[in-house]
Amino acid sequence: MSLQVSSTNSSSLAANVSTRKVATEPAKISETPPTDKVKLSGEATESLTYSKPRMMPAELSSMLADSERQVEAMMNLIRPLLEQQGLTMSKVVSGEQKLTADQGTIDAAKAAISEDGEMGVRKVSERILSFAKFAMGDDPAQMKKIRDAVELGFSQAKEALGGVLPEISQKTYSTIMAEFDRWEKEGIPAGATVSLKKPEPSPEKAT
């Protein structure tokens, strides 16, 4: 039996790279008043300036911990199978190689990337957007810098996976960019975390 797990791993990898780029890598904070500068590590050279250092909300910290556990759980399913079958992740993602698995692993992977799954488009997008919102500090002027950081995260994930992002990761990227577009028009939403509406069922499914 064949299991297409590439989308699961790529989506979680893209989420990890992007959220860590935005919110979890060590920040350098200037001690000079009256403002504190927080520099996103990586390729970004400009710093983000806030009125004062901000502590990560408990709700956001919990989301980060949950995300790490979910990613690790999925990798614990996939990693042994790759090793046992002598496969390469980038080749599995591109479709050059096929990963086989037992029914239990297949069911777990399908549940993880389903509409309500922890590695599905909506929940991964919500996590990335929540960390992006925290990094902005409710300052619309920081939108472009954070958006560029998220785009860089997806680019790095794409490169790590052999230059190809599977469909689920492409949908995640599109969902996040569409929400950034909405924020630019309507303003950054309130609250510590971001919640996205569930997509409306298609007419075919409704009938």
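How many residues apart are Phe-180 and Trp-183 in helix H7, and about how many helical turns separate them? They are three residues apart, so about one helical turn lies between them. Helices here are DSSP runs of H or I with at least four residues, numbered from the N terminus.

This is a predicted model, in which local features need pLDDT of at least 70, side-chain atom pairs count only at pLDDT 80 or more, and totals for chains, interfaces and linings use all residues. Residues are numbered from 1 along each chain, and side-chain values use heavy atoms, without hydrogens and water.

The structure holds two aromatic pairs. Rings of Phe, Tyr and Trp (its six-membered ring) pair if their centres lie within 6.5 Å; planes over 60 degrees apart count as edge-to-face, under 30 as stacked, the rest as tilted.

| Pair | Centre distance | Plane angle | Type |
|---|---|---|---|
| Phe-154 and Tyr-173 | 5.3 Å | 70 degrees | edge-to-face |
| Phe-180 and Trp-183 | 5.6 Å | 75 degrees | edge-to-face |

Phe-154 sits in helix H6 and Tyr-173 in helix H7, so their pair ties together parts 19 residues apart in sequence. Phe-154 is buried at 3% relative accessible area. Tyr-173 is partly exposed at 29%. Buried means under 20%, exposed over 50%, partly exposed in between (1.4 Å probe, protein chains only). Phe-180 and Trp-183 are both buried.

Key:
Helices (H or I, at least four residues) and strands (E, at least two) are DSSP runs, numbered from the N terminus.
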